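Dear colleague,

I am handing over the structure below, together with some notes on what was found in it. Please read them with the coordinates open beside you.

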Amino acid sequence: MAWVVPASSTVISRELDATDYGNDVSGAIKDAKGKVYICGSLYLIGQVHRLLQVAQLEDTARKNVPRGPYNPALIEAWANKYLSKENTRRLTDSSIAKRFILPPPNVTGTLHIGHALTVAIQDAYVRFFKFQGEQVTWAPGMDHAGIATQTVVAKMLAKQGVDIRRLGADLDWDLEYFTLDEERSEAVIEAFGKLWQDGLVRRDVRMVNWSDRLQSVISDIEVDSLVVDTPKIIQGAEFGKIWTIAYQMVDRSGKICVQTTRPETVPGDRAIAVHPDDERYKDLIGKCVQHPLLSSVSLPIVADAMVDPLFGTGAVKLTPAHDANDYAASRRHAIELVTIFDKHGKFLPSCGLPDLVGHDRLESRSKVVEKLAAAGALITVQQHSLRLGVCSRTGAVIEPCLMPQWFIHMQPLADKVLQQDTIQMSIQTKREWLRWLENVQDWCVSRQLVWGHRVPLYRIVNTDGWFFARSFADAQKAANGKPIVQESDVLDTWFSSGILPLSAYGWPRDDTSPWRPLSFIESGPDILFFWLARMAMLCTHFTGFAPFKEILLHPLVRDSQGRKMSKSLGNVLDPLHIIDGCSLEELQAALAVGNLSAGEVSRASQDLARSYPQGIQADGADALRFALVDSTVQDSTLNLDIRSVKAARYVGGKLWNVLNFIEFHQQTQASSCVEPQNRSQIMDHWILQRLLNLQEDVHESFAKRTLHRATSSLRFFIVNDLCDTYLEFLKYDLKGLTSHEERCKVLATLRQIMVELSLLIKPFMPFLADSVTYRL
């Protein structure tokens, strides 16, 4: 049918013959031959036309629904073609709708299994709540972290959206956000301004994590811990060893030995620390030792309780400008701070060794060791296991250093959350939650990057007085025409993510209606503090209420051997590789896209060859979703085995074969039996009771937030109760029946069960559930 909207009511009246339809007609629906079916106001015509389009689409979908052997790819292609439409929210009362946000993955262009797990869990809840008749909004979005230029944003955003859709997520795409879009940028400025006005933002010199490759400070969450068990070369330096160094007493009365895993920092040493109760060194406290490489420098021996007398020699060297603990100790004892590395990780003239100036600190480690040996200060070198902080984005070794940064005083914000104590969570999560909030530290929010939300602080040129303004124009007015400069640093990406419960739903633009929190937030335990706690602190400070009612945490995803997913190990799985399948050659080729060394690529390729010699079979999105949710029965970590996905596909195949069984024995399509009378057989009563038990289990698992119980119950019912037991009895009953009506009567209960099953399994296998519905 065609929807005709002429230029004016006069034209439409003339076309339709006003004597028959009247002069107030503004729209009409015609068929292909021009026959008018309905006419009236544009609103009425629009509504009817939309309903007719939906009906036509559903009819087309029903005619083209896949049949034959179970093929997830065909089912998903059919659903994406005929059923996948933008989710348009049609809420009768938005004030009572449940609110959710999809935790924003970084705009890196590729989703990982952790994202897929989050989507699978949240989508299951959203679909279940909708099935119960509740109104739900679920906002998708992307975070701007991990991207350096605007030119690739649109491409990556589009790819992320496509990938999430491939997982079957029932998201409200009209609510889609990007943490750097105009609305979110406005919210960031508003939030920062409130914190500034409340006196919670200040500038200070602190020890920070510096990435010389990024040329920026990075947050603790962006620092990975690399375990080095055996000696190995990293960035030109040998790690996995510990050096024992002797410091001669100034009065030549003896030596004191210390151990270090970073000999390149020795030029920056400015004190030796011992425990105040250590009898070995009590008489030395207050005395000085000679610097082993700098004849003009002597180091005081101080007593500090931070020293572990049982580790190593019981004495430690203090390099205040390049170690967080040493810096803290230096402030307690008024020890001189000497920065010996620049922002590029190269020695400065302040190191006191001219031949090292301008050379990379790590590549120069061996030179410093040689100097120590030549000075007779190197005592021993031993193998030593250690944890090395590296940048999660570049893999570069992190350098602790002192820099002026912007900090948010977090304790007052944490106190508000602790006082309210309204967020529901598990006992285990509560312990971690309290541990973080009760010991919260000031938050370094400035980053030395060119991409992000620029800190909205300004100062008049040649002055140090910083002030807040919402724009450069506002800052110029505040400065009364004097030349101004804006802070060049950008805000930590966790800041914009930390206000998403507000900004994703219109704050501060839509700040007139009462604040409504998210129903719950679902995420991994690794970002409990870095994202969830910060959201709670920031949003509670701005609104006076918690941003969400409940916290749900899923296990951290690891490989089948319990190892962390890492490209260098070759165990990172792209969800699309499981959905669409992937050859071994394609898996190995993907390793080349990244920052792995040739040796790491080689080792990872070998690991992939051992794990997936035939590549990965295409198992579809439904199987992946079901397997991920089913695997959350594991506690703190989820060891993903590809065989669990195949087991989930087996469940889907079983359900699909029941449909084939119905159609085969009806000798026609399953939908051709119209409401036949149920039989009254004992096995029918048994299976219906088992179905009732299943419904109770599924509903209870959602209520108690234990979705793995639902998938376990569904699997047992489909495989054991339905296919292995009830279907075998039906086969016996169907023997010898030739009448279509008789077969429909025997199959009536089975059809009823399949209708109910399609509803119960839809939160976990939406593509399969929709195809079952259309076939029935």
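Cys-288 counts as partly exposed, at 29% relative accessibility, where buried stands for a relative accessible area under 20%, exposed for over 50% and partly exposed for what lies in between, with a 1.4 Å probe and protein chains only. Cys-391, by contrast, is buried, with a relative accessible area of 2%. If a disulfide is taken as a pair of cysteine sulfur atoms within 2.5 Å, the count comes to zero.

Before the rest, please keep in mind that this is a predicted model, in which local features need pLDDT of at least 70 and side-chain atom pairs count only at pLDDT 80 or more, while totals for chains, interfaces and linings use all residues. Residues are numbered from 1 along each chain as its sequence is written, and side-chain values use heavy atoms, with hydrogens and water left out.

Rings of Phe, Tyr and Trp (for Trp, the six-membered ring) are paired if their centres lie within 6.5 Å, and planes under 30 degrees apart count as stacked, over 60 as edge-to-face and the rest as tilted. By this rule there are 23 aromatic pairs. In one of them, the ring centres of Trp-78 and Tyr-774 are 5.4 Å apart with the planes at 80 degrees, so the pair is edge-to-face. Trp-78 belongs to helix α4 (residues 72-82) and Tyr-774 to helix α25 (residues 766-775), so this pair ties together parts that are 696 residues apart in sequence; helices (H or I, at least four residues) and strands (E, at least two) are DSSP runs, numbered from the N terminus. Both partners are buried, Trp-78 with a relative accessible area of 3% and Tyr-774 with 12%.

Trp-196 and Trp-406 also form an edge-to-face pair, at 6.1 Å centre to centre and 65 degrees between the planes. Since Trp-196 lies in helix α7 (residues 182-197) and Trp-406 in strand β21 (residues 399-408), the pair ties together parts that are 210 residues apart in sequence. Here Trp-196 is partly exposed, with a relative accessible area of 22%, whereas Trp-406 is buried at 2% relative accessibility. Ring pairs also link a cluster of residues, among them Phe-100, Tyr-125, Phe-128 and Phe-764.

Returning to α4, its buried residues are Pro-72, Ile-75, Glu-76, Trp-78, Ala-79 and Tyr-82. Seen down the helix axis, they fall within an arc of 160 degrees, so they line one face of α4, the arc being that of the directions from the helix axis to the C-beta atoms. Ala-73 and Lys-81, on the other side of α4, are exposed.

As for α7, its 16 residues should span 22 Å at 1.5 Å a residue, and the end C-alpha atoms are 23 Å apart, which agrees; the expected span is 1.5 Å times one less than the number of residues. The buried residues of α7 include Arg-184, Val-188, Phe-192 and Leu-195. Just after α7, Gly-199 takes a positive phi of about 75 degrees.

Finally, Arg-127 is placed in helix α5 (residues 113-131) and is buried, with a relative accessible area of 15%. A polar atom of the Arg-127 side chain lies 2.7 Å from the backbone oxygen of Gly-168.

Methods. A polar contact is a pair of N or O atoms within 3.5 Å; within protein, one must be able to donate a hydrogen and the other to accept it, and residues adjacent in sequence count only if both atoms are side-chain atoms.
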